[in-house]
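Work through the exercises below with the model open beside you. Try each task before you read its solution.

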Amino acid sequence: MARAITTKQKAINTAVIWTLGLVMFFPIFWLIILSFKTESDAIMAPMEVLMSGWTMESYDAVNRRSDYFKFFSNSVIIALGSTFLGLLIAVPAAWAMAFVPGKRTKDILLWMLSTKMLPPVGVLIPIYLLFRDTGLLDTRIGLVFVLMMINLPIIVWMLYTYFKEIPAEILEAARMDGASLGKEVLYVLTPMALPGIASTMLLNIILAWNEAFWTLNLTAAKAAPLTAFIASYSSPEGLFYAKLSAASVMAIAPILVMGWFSQKQLVRGLTFGAVK
Amino acid sequence: MGQIVLKQVSKSFGDTEVIPPLDLTIEEGEFVVFVGPSGCGKSTLLRLIAGLEDVTSGNIEIDGKSATALPPAKRGLAMVFQSYALYPHMSVRKNIAFPLKMAGLDKADQKRRIENAAHVLNLTDYLDRKPGQLSGGQRQRVAIGRAIVREPAAFLFDEPLSNLDAALRVGMRLEISELHKRLATTMVYVTHDQVEAMTMADKIVVLQAGVIEQVGSPLELYRSPRNRFVAGFIGSPKMNLIEGDKAAPHNAKTIGIRPEHITVSTESGDWAGTVGVSEHLGSDTFLRVTVDGIDEHITVRVSGEITLGYGDKVFLTPDISNLHRFDEQGLRIA
Amino acid sequence: MATQHSRASARLMISPSVLLLLGWMLIPLCMTVYFSFLRYDLLSPGTEAFTGWDNYYYFLTDPSFNDAITNTLSLLVGVLLVTIIGGIGFALLLNLPAWGQGIVRVLVIAPFFVMPTVSGLLWKNMFMNPVNGVFAHITLAFGGQPYDFLGQAPWESIILMVSWQWLPFATLILLTALQSLDQEQLEAAEMDGASWGSRFWHIVLPHISRAITVVILIQTIFLLSIFAEILVTTNGGPGTASTNLTYLIYVQSLLQYDVGVGSAGGVIAIILANIVAIFLMRMVGKNLDK
């Protein structure tokens with residue numbers, strides 16, 4: 001199908017896919033628009049909304065909230081914390097499985113995948129009670145741990161696939177060149193695996209940032225991240241569309257940007273490397 | 001320095017024995033080639049010597065000391081991999097420096113050795129490039145350079161020319177041979193290409209299914225192959241191996257005669273036949289002849305001047321002094 | 001490549017992950033099972049008592065259960081159908097030569113990166129609200145009566161929201177798989193006289209079947225546990241019209257404080273997930289050779 005295509009055909013294709021794209025993107029687009037409107041403007045009919053004046057007042061209102069920064073930083077801490085912790089545990093495991101495969105390696109990997117199939121609601125109660133009794137409820141550290149656990153299979157799998165792409169011969173060469181295990185990892189493996197590790201980090205940050213089961217059930221005032229903050233708009237007082245939009249845009253903007261860069265990683269990570 | 005002795009070395013992967021116990025001695029300064037078809041265990045054998053695989057049983061001695069339990073780094077050997085295995089994130093200089101860095105050499109020593117190797121291999125202009133910016137042949141040289149600087153007891157080559165195109169292969173072959181003459185270090189070289197084996201080796205080890213079929217100099221293998229397998233493996237084009245009626249008169253199950261040892265005549269000869277496909281290389285012509293009474297086609301080498309073609313009738317006469325005879329087990333009859 | 005040293009250290013390096021995951025799975029799981037056999041009310045601690053299969057009976061015969069199960073499965077099937085069929089369509093279209101493909105791709109993928117609470121509130125308020133939502137305004141402009149999406153068709157509305165979020169995922173995966181198809185295969189088929197439909201059915205579809213399988217599997221894992229969207233939009237209502245299994249258990253455990261029944265529900269949810277997984281694995285097992 002890769003032959004000379006008429007300009008007319010290409011134009012039709014372009015029109016079709018742009019329509020698709022704009023339709024899919026419209027809700028987000030609308031969200032952005034509304035975030036720059038006053039509350040009374042935000043509830044008007046679409047054409048009138050577009051005509052009305054722009055303002056930053058909704059963003060100001062949200063930022064002025066004394067707790068907004070807390071929600072935002074909770075999201076950051078939980079996302080980064082669970083990612084780093086997860087990497088710490090997953091990198092050695094993925095290394096071992098990729099370079100010293102045993103008879104049971106594939107089984108262990110598949111088992112890890114299967115733990116992700118456990119519906120979180122099945123362990124909601126025990127985790128909730130355990131956290132309550134150990135004082136981990138509504139703490140960032142508790143959430144970091146939980147989110148690390150639920151994403152650990154993905155992190156391990158992704159790293160495993162990236163490590164497997166490093167030619168074994170290069171590591172053997174390092175060994176023949178006299179590198180001890182530590183030096184091999186430091187001078188050869190890590191530099192070569194760095195892009196893969198970065199990709200894994202990116203994907204995990206996205207997944208942790210957007211997680212909306214544990215972050216809603218295990219937090220209250222102190223450790224609530226943005227997911228919970230936005231959820232509080234489900235029982236609003238007065239007009240709130242514009243403020244909700246501003247808050248939402250600020251909550252999703254970092255991830256939209258990261259998502260743009262991490263499409264390939266998403267495919268690899270969420271299909272456990274099965275699709276290339 | 002550089003004598004390697006294998007005593008009753010065997011290797012199994014799980015329950016599969018890929019190399020039954022074998023003995024082999026590689027002398028100091030020799031250029032030894034392991035050759036054989038795919039899966040014959042030649043690479044495995046090399047990796048056992050390198051220490052990248054553990055032996056299942058037996059002993060490896062390097063310069064009289066047991067090396068069987070030593071990790072690769074401590075054996076004093078250097079390896080050139082088929083895919084060159086260069087460190088993609090390091091410059092050529094850093095690649096070559098790496099083993100020296102691992103050995104803890106001081107900067108001055110490192111510099112001296114690197115420049116030396118670069119000079120020998122014509123890499124001086126490329127020292128600051130990364131492997132990704134080099135051609136296949138240049139990468140090959142960097143891999144060799146990385147091995148040279150270690151001043152090892154022996155060099156191990158694992159099919160180093162397989163990834164190069166044909167023209168480059170011929171050139172690199174000569175360069176490696178020249179390197180050997182210059183450094184006088186033991187070289188153990190693995191290849192599936194018997195032309196490489198014949199042209200580069202002091203000693204060839206022919207392997208099949210993990211078993212050493214024969215060890216000898218190229219000419220020994222060419223003139224006195226110990227069995228059918230070696231006879232058919234060494235020499236290009238392959239030796240003609242004939243069974244049945246034509247073999248019986250020579251008191252053998254199989255007789256073998258190389259394409260270059262058969263005379264062709266359009267008038268008379270021992271065997272009558274018809275020419276099939278012929279390959280004209282300019283310097284030589286190889287004829288595929290169907291001989292009456294023989295199932296297999298006979299390949300014959302004639303001078304490039306001859307202009308026989310498809311369907312021509314010819315007579316072939318094998319040179320009896322170069323006729324090889326093999327018995328029921330495929331072993332050579334003296 | 002593995003020598004004695006390596007094997008032992010390898011085992012050491014894998015153990016933290018394995019042990020943690022094992023603990024993460026087994027400990028809460030056992031506790032859930034244990035609680036499911038107790039009469040356990042969070043409001044009166046210390047009065048737990050063994051109560052046999054009562055909790056299961058209670059959970060399964062509760063009228064909300066039927067709604068929950070139906071909804072759970074209808075969302076699963078509904079979203080899978082929309083995302084797979086839509087995803088294949090989008091992927092094929094995005095694979096055609098056109099201008100600005102890169103940007104369109106970003107536009108199409110974007111919804112997947114929106115957090116579920118934002119997505120839920122966005123649709124509920126800005127679009128589906130019968131007074132101020134975009135849909136209402138458009139309907140009014142054409143002289144119609146605005147439709148109360150979340151009031152009258154709550155579960156369908158939620159299915160719409162979830163489909164919007166997951167269609168990009170399916171599209172991305174299928175597009176990736178599509179782009180790995182060797183053009184030469186298609187060209188050979190064309191030379192053999194195959195029509196577009198034939199080429200699609202016999203070459204394209206088999207090639208992406210593995211990706212489709214993976215999409216179904218991954219999405220199922222997540223779709224069975226949809227929670228946030230329900231929480232911020234309908235709270236499972238009206239009644240239990242938009243409650244799924246996850247939400248039902250949540251309500252019983254954390255809102256009604258009935259740990260016993262909630263745990264029984266949890267066990268049932270796990271069993272359901274396993275059944276679905278086994279069913280899926282068998283149905284598409286041949287495509288999965290990892």
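Angles under 35 degrees count as roughly parallel, over 145 as roughly antiparallel, 65 to 115 as roughly perpendicular, and the rest as oblique. The model is predicted: local features need pLDDT of at least 70 and side-chain atom pairs count only at pLDDT 80 or more, while totals for chains, interfaces and linings use all residues. Residues are numbered from 1 along each chain as its sequence is written, and chains are lettered from A and ligands numbered from 1 in the order in which they are written.

**Exercise 1. Classify a helix pair.**

Task: How do the axes of H10(A) and H14(A) cross?

Solution. 
- Step 1. Helices (H or I, at least four residues) and strands (E, at least two) are DSSP runs, numbered from the N terminus. Axes are lines fitted to C-alpha atoms, for helices over the stretch in contact, and angles run from 0 to 180 degrees between N-to-C directions.
- Step 2. Read the geometry. The axes of H10(A) and H14(A), residues 263-270, come within 9 Å and cross at roughly 80 degrees.
- Step 3. Apply the cut-offs. H10(A) and H14(A) are therefore roughly perpendicular to each other.
- Step 4. List the residues that meet. H10(A) brings Ser199(A), Thr200(A), Leu202(A) and Leu203(A); H14(A) brings Gln265(A), Leu266(A) and Gly269(A). Contact here requires C-beta atoms, placed from the backbone, within 7 Å.
- Step 5. Sort them by class. Ala, Val, Leu, Ile, Met, Phe, Trp, Tyr, Cys and Pro count as nonpolar, Asp, Glu, Lys and Arg as charged, and the others, Gly among them, as polar. The contact of H10(A) with H14(A) has 3 nonpolar, 4 polar and no charged residues.

**Exercise 2. Describe each chain.**

Task: How many helices and strands do chain A, chain B and chain C have?

Solution. 
- Step 1. Count the elements. Chain A has 14 helices and 0 strands. Chain B has 8 helices and 19 strands. Chain C has 13 helices and 2 strands.
- Step 2. Take the extents of the C-alpha traces along the principal axes. Chain A spans about 70 × 70 × 35 Å, chain B about 75 × 45 × 30 Å and chain C about 80 × 75 × 30 Å.
- Step 3. Compute burial. A residue is buried if 20 or more other C-beta atoms lie within 10 Å of its own, exposed if 12 or fewer, and partly exposed in between, with C-beta atoms placed from the backbone. Buried residues make up 52% of the 276 in chain A, 39% of the 334 in chain B and 43% of the 290 in chain C.
- Step 4. Look at sequence separation. Of contacts between residues at least 6 apart in sequence, those at least 24 apart account for 78% in chain A, 63% in chain B and 69% in chain C.

**Exercise 3. Read the two faces of chain A.**

Task: Which elements give two or more residues to the side of chain A that touches chain B?

Solution. 
- Step 1. Count the residues. Chain A gives 14 and chain B gives 16.
- Step 2. Name the elements. They are H9 (168-176) and H10 (181-210) of chain A. H9(A) gives the most, with 6 residues.
- Step 3. Sort this side. It divides into 8 nonpolar, 1 polar and 5 charged residues.
- Step 4. Turn to chain C. Here 80 residues of chain A contact 83 residues of chain C. The largest share of the chain A side, 16 residues, comes from H1(A), residues 7-35. By class, that side has 63 nonpolar, 13 polar and 4 charged residues.

Technical notes:
Two residues are in contact if their C-beta atoms, placed from the backbone, lie within 7 Å.
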